[in-house]
Number of protein chains: 2
Amino acid sequence: MKAEIINVGNEVLLGNILNENARYLSEKLASIGFELLCHKVVGDQAQNISQAFQEAWNRAQLIIFTGGLGATVDDLTKEVVTSQLGLPLEKNSLWEDHLKAIYKKVGIGLDEKRKKQALVPRGCTIIPNDNGTAPGVIIEREDKIIILLPGPPEEVKPMVEKSVLSYLKGKSPWNVIKTHVLKVIGLGEATLEDRIRDLIDIEGNPRVVLMAQPTETHVYVTVKGMDKDDVDSILKEWEGKIRDRLGFYLYGVNEETLEGVVANLLFEGNYTVSTAESCTGGLLADKLTDIPGSSNYFLRGIVCYSNQAKMELLQVPREILDSVGAVSEETARAMVENIRSSSSSHFSLSTTGYAGPSDDPDDPVGLVYIGLGTPQGSYCQKFNYWGNRRSVKEQAAVSALNLLRLYLEGHLQ
Amino acid sequence: MKAEIINVGNEVLLGNILNENARYLSEKLASIGFELLCHKVVGDQAQNISQAFQEAWNRAQLIIFTGGLGATVDDLTKEVVTSQLGLPLEKNSLWEDHLKAIYKKVGIGLDEKRKKQALVPRGCTIIPNDNGTAPGVIIEREDKIIILLPGPPEEVKPMVEKSVLSYLKGKSPWNVIKTHVLKVIGLGEATLEDRIRDLIDIEGNPRVVLMAQPTETHVYVTVKGMDKDDVDSILKEWEGKIRDRLGFYLYGVNEETLEGVVANLLFEGNYTVSTAESCTGGLLADKLTDIPGSSNYFLRGIVCYSNQAKMELLQVPREILDSVGAVSEETARAMVENIRSSSSSHFSLSTTGYAGPSDDPDDPVGLVYIGLGTPQGSYCQKFNYWGNRRSVKEQAAVSALNLLRLYLEGHLQ
């Protein structure tokens with residue numbers, strides 16, 4: 001089935017934001033066997049939307065719009081598409097009640113302008129949106145499918161995962177298409193490619209491709225077939241082959257995140273953790289507390305930027321700071337041992353390093369020591385990261401989480 | 001002059017990489033006054049390229065292609081475009097010499113396949129490429145301009161900066177085009193629109209448009225003209241009008257960020273700050289430490305998720321926790337007052353609330369109290385956010401930064 005994606009919005013057209021929706025939807029559509037013809041970005045004006053829709057209608061069976069479903073006067077996607085199809089817009093009372101509840105919560109009345117978002121094309125299927133005020137819409141018409149989604153990627157992604165993909169899978173020429181995403185940390189894309197080069201196949205079945213992410217690399221394995229058991233067994237075989245090559249660098253599959261994997265290991269052991277951060281500045285605690293229920297394992301965090309804070313809050317000895325300095329194995333260990341004992345947590349993590357930037361090329365920007373405190377004693381690892389301040393913070397926080405994961409999984413001895 | 005961008009390449013179409021070229025070129029074209037109609041991504045097949053070219057030809061005067069200029073058999077952009085225009089491809093000896101030199105350097109012979117990159121359309125202008133083997137091409141034909149650029153963004157950007165922009169500026173009907181981005185926090189997009197509705201004009205000059213971001217809203221003001229002083233004075237006048245309507249909700253302009261504005265206010269007063277976070281879990285400290293030099297103002301941060309940590313690390317009285325609970329104005333104030341005095345910082349910020357999620361619809365997910373400690377005493381504000389766990393954390397951290405900004409700018413009394 002041929003598909004086309006149309007992103008509506010001046011902010012994308014004028015280059016103020018990256019077209020994350022197009023990348024995301026393209027990848028998802030490819031993973032379930034749709035043949036994508038083109039994606040297109042147009043401005044908010046009715047004429048542009050209408051022309052793009054007409055062009056897509058002439059060649060695609062599936063047309064997905066994102067953007068232009070908001071409450072402002074220049075949100076016109078729904079209006080243009082329904083007028084071109086000759087479909088009336090009707091009030092959906094359930095969604096209007098939902099809008100009332102949302103706006104009441106934030107203390108804003110539901111005026112006529114905002115009520116516009118409860119208007120949907122007659123006979124369409126509504127796609128609930130848990131993270132915004134605009135519902136998505138599926139229209140089936142003359143053997144074609146038109147799907148309207150909102151603009152913000154943080155709304156689009158959950159809607160696609162929860163509703164759109166399962167709907168589209170039912171329309172695919174394959175009975176079964178399954179993708180597993182194998183998530184790898186600590187191996188660069190090129191090294192990872194060397195390890196599984198003979199398995200990579202961008203157009204085959206199974207399709208195996210690599211996708212580099214800022215702090216990790218993902219291996220996508222997609223199998224298409226007519227029989228569920230066949231697909232499952234091929235997928236299992238290929239996943240096994242890749243797992244063998246990657247060992248403990250592979251930390252999770254599909255929806256799993258590093259924070260989530262660490263959280264589950266902590267939940268399972270009824271373990272607690274505390275953090276003492278210098279260069280990551282709170283980012284490590286932020287990641288650990290992104291998981292619902294994290295109050296069960298996360299006891300406390302200290303962000304100690306200054307030497308004084310390191311001495312007062314974590315009893316890092318002045319002699320260490322004066323002799324080897326704050327960015328050292330000794331400091332990382334003192335931090336992680338103190339926070340573990342003062343908080344009575346099972347585990348603790350510390351970071352100390354140079355996040356930069358610096359005008360002096362001799363400054364060791366990117367040098368970070370990560371400490372791990374455990375009931376069996378403390379560990380310390382030294383890293384040299386490349387990148388800007390934010391990137392060094394991100395990489396250091398991820399390395400710290402990964403160090404705890406490796407310990408809890410029994411890979412550190 | 002109307003423009004259209006066409007990106008050729010399966011790797012973008014299938015979502016394996018983000019369309020960075022489209023974002024970059026869109027922004028550049030808008031900045032020199034071209035009216036962008038659409039950007040489009042198509043696969044490598046000749047038919048797709050040809051159809052996209054035809055559609056663009058029918059409505060645009062400037063058509064920019066990226067991708068499909070490589071040496072492999074599925075690089076077809078140059079071939080399709082010239083065949084459609086009836087232009088022959090001819091060997092460019094200078095570029096062939098250049099290719100010979102490059103390939104000699106990496107120890108590869110210049111075979112017939114690679115020589116293809118030295119073929120250019122008759123009568124075109126070559127755009128040198130310092131970072132790759134494919135030259136760019138400018139074709140002028142029937143009052144239209146067609147520009148072919150390679151695919152990799154690291155080749156495209158220098159070519160555009162060095163050659164394409166100066167060429168296109170000569171074709172632009174305007175001498176000067178300037179854009180200011182006014183950044184607004186604490187007003188939703190719809191409310192902001194109500195305040196400046198009469199000034200918003202998507203197609204006018206000045207052009208004024210709104211762009212919603214996850215925790216703020218941006219107002220883009222673009223002025224085009226023939227004289228620099230005229231443009232500057234119109235821009236100043238319009239910026240002033242919008243500032244008057246928005247007051248202290250407007251926190252910055254162009255590259256300024258909320259963290260950066262707060263950091264500058266702290267730098268200017270030689271002030272220090274400390275944080276005591278519950279529901280934001282370290283994110284507030286993370287934002288404060290994203291600014292280079294933040295060790296000058298950020299003294300320490302405490303992440304106290306548990307009641308025990310709140311009592312031990314911040315001396316929040318047990319009576320408060322037992323009577324009104326951890327999510328309360330009293331707790332927020334106790335946290336912010338204690339961290340300020342124990343760290344001897346000028347200012348302090350605290351957060352306590354329910355980030356969620358919860359299965360119980362009666363749970364007040366999104367309720368957050370933010371405390372601000374100052375030499376003149378403490379403040380507390382209550383917020384009700386809507387969104388998922390991450391979104392509540394983000395909004396709360398931004399509100400805390402904004403509260404400090406409002407105080408330092410003299411808007412809180």
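Here are legends for a few close-up views of a predicted model.

View 1. You'll find B:Q117 in the loop between α6 (112-115) and β5 (119-121) of chain B; helices (H or I, at least four residues) and strands (E, at least two) are DSSP runs, numbered from the N terminus. The side chain of B:Q117 reaches the backbone oxygen of B:L69 at 3.0 Å. Beyond neighbours within four places in sequence, B:Q117 is in contact with residues including B:K78, B:W95 and B:P135 (contact: heavy atoms within 4.5 Å).

**View 2. Where chain A meets chain B.** Each side has its share here: 70 residues from chain A and 70 residues from chain B. About 5,900 Å² is buried between the two chains, with carbon and sulfur atoms giving 53%; this is accessible area (1.4 Å probe) lost on putting the two parts together, summed over both.

**View 3. A salt bridge between A:D286 and B:K393.** These side chains meet at 2.8 Å, N to O. The count between chain A and chain B is 14 salt bridges, each a side-chain nitrogen of Lys or Arg within 4 Å of a carboxyl oxygen of Asp or Glu.

View 4. Look for A:G301, whose bridge partner in β14(B) is B:V303.

**Reading notes.** Residues are numbered from 1 along each chain as its sequence is written, and chains are lettered from A in the order in which they are written. In this predicted model, local features need pLDDT of at least 70, side-chain atom pairs count only at pLDDT 80 or more, and totals for chains, interfaces and linings use all residues, while side-chain values use heavy atoms, leaving out hydrogens and water.

Conventions
A polar contact is a pair of N or O atoms within 3.5 Å; within protein, one must be able to donate a hydrogen and the other to accept it, and residues adjacent in sequence count only if both atoms are side-chain atoms. Two strands pair if DSSP finds at least two bridges between them.
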